[in-house]
Amino acid sequence: MVAYFDCRRNKRTTRSALAFELNLESNLVELYDELAAGSYQPGPSICFVVQLPKRREVFAASFRDRVVHHALYNKIGPRFERTFIADSCACIKGRGTLYAARRLEAKIRSITRNWSRPGYYLKGDIDSFFVSIDKRLLGQMLADAIPEQWWLDLAIKILFHDPRPNAEIQGPREQLALIPPHKSLWTQPIHCGLPIGNLSSQFFANVFLNKLDQHAKHVLRARHYIRYVDDFVILDESPQWLNYARAEIAAFLQAELHVRLNDSKTIIQPIARGVDFVGQVIKPWRTIVRRRTRDSALRRLAVMPEEDFKRSADSYFGLFRQATHSHGDRAQLANLARRHGFAVDAALTKVNP
């Protein structure tokens, strides 16, 4: 029951959630019986393409399967998270984008002595991360840490479920054709790739990259390291050492995890130019909203139906407020809301009813 309430949070008005809730008790009893008997099998997923913040292919599991994902996470998640470093962010309670941005800013202030000394940063990105994950390696990581056979069997069943054969494709198929083959789950071998869009995939990704985190902290001995999903940042006084770290991490990822750094998105730059991370750019004495994030938000809201506008605008106000110098961006958002006939509070923090 706990997993059901966790699953329906912010999802209660969706079609699949409403359908499940129509016969809630019988659906939960049926699901429990299948799990207890070991006969549970994941159902069909919905495949569609999202355009923002960039074009991605999503495989969304049914509501019924998402309840199972939450049950699994509630059972095994805490034991894994106790082994994660404090600088592993995303899909961990209390470690969202605000946590990641503030923690990185604290590290920057430490290495630069409050912006009084020069420093450099290495920002890395894993190429086509989710579709490149080797499920065989990940399965072994799960097996090494889950002693209860029943829970391990369930985790492995969810991990190795292939959502492609019975997927229901929503939206124009032409949109799927626009996804590059190396970024599409449809083109990957059966042992590779996690579907974007499920709690289980986010959690499994953290388990998978925990090996990178441990390597960076305990083998490389990077003093200032932080990761959010597949984006990581390392700070150091020496650009030469960061060049060494980049080559060493690239070799580690290929040898141990069978994934590759994205060379076009992996950079070494002076910290003083600003560090772009989790939607914010951290600069001396201030943080600002990433320009691409702001422009994308304004474009999306400009064409959004009126019934969805307030909720989305409030979300963007909350996102923008995470940056210390966001008044100008929030003013643009407020002007857009007014043009749509909404009022905005004087502090530019939310759309008034």
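**Close-up 1. The N-terminal end of helix H7 is capped by Asp134.** In this predicted model, a side-chain oxygen of Asp134 lies 2.9 Å from the backbone nitrogen of Arg136. Helix H7 covers residues 135–145, and its buried residues are Lys135, Leu138, Gly139, Met141 and Leu142. Seen down the axis of H7, these buried residues fall within an arc of 160°, so they line one face of the helix.

**Close-up 2. His69 is a residue of helix H4.** With a relative accessible area of 7%, His69 is buried, since the cut-off for buried is under 20%. Neighbours within four places in sequence are left aside in the contacts given here. On that basis, His69 is in contact with Ala61, Ile158, Asn198, Leu199 and Ser200.

**Close-up 3. Phe20 and Phe63 form a tilted aromatic pair.** The count of aromatic pairs in the model comes to twelve. In the pair of Phe20 and Phe63, the distance is 5.3 Å centre to centre, and the angle between the planes is 55°. Phe20 belongs to helix H2 (residues 15–22) and Phe63 to helix H4. The two residues are 43 residues apart, and the pair links distant parts of the chain. Phe20 and Phe63 are both buried.

**Close-up 4. Phe80 and Phe203 form an edge-to-face aromatic pair.** The ring centres are 5.6 Å apart, with 80° between the planes. Phe80 lies in helix H4 and Phe203 in helix H10, so the pair ties together parts that are 123 residues apart in sequence. Both Phe80 and Phe203 are buried. These two residues, along with Tyr73 and Phe204, form one aromatic cluster.

**Close-up 5. Strands E9, E10 and E11 form an open sheet.** The three strands follow the order E9-E10-E11, and their pairing is antiparallel. At the edges are strand E9 (275–277) and strand E11 (286–289), each of which pairs on one side only. Neighbouring strands of this sheet are turned by 25° against each other on average, direction ignored. Strand E10 (residues 280–283) pairs with E11 over four bridges, in the antiparallel sense. Val281 has Ile288, in E11, as its bridge partner.

**Close-up 6. Phe317 is a buried residue in helix H13.** Helix H13 covers residues 306–321. The relative accessibility of Phe317 is 0%, and Phe317 therefore counts as buried. With neighbours within four places in sequence left aside, Phe317 is in contact with Arg330, Leu333, Ala334, Val344, Leu348, Thr349, Lys350 and Val351. One of these contacts, Ala334, is 17 residues from Phe317 along the chain. The C-alpha atoms of Phe317 and Ala334 are separated by 8.8 Å.

How values were computed. Residues numbered from 1 in each chain as written. Predicted model: local features only at pLDDT ≥ 70, side-chain atom pairs only at ≥ 80, totals over all residues. Heavy atoms only, no water. Buried < 20%, exposed > 50% of the residue type's maximum accessible area, 1.4 Å probe, protein only. Arc of directions from axis to C-beta. Polar contact = N/O pair within 3.5 Å; in protein donor to acceptor, adjacent residues only side chain to side chain. Pairing = 2+ DSSP bridges. Axes fitted to C-alpha atoms, helices over the stretch in contact; angles between N-to-C directions. Phe/Tyr/Trp six-rings, centres within 6.5 Å; stacked < 30°, edge-to-face > 60°. Contact = heavy atoms within 4.5 Å.
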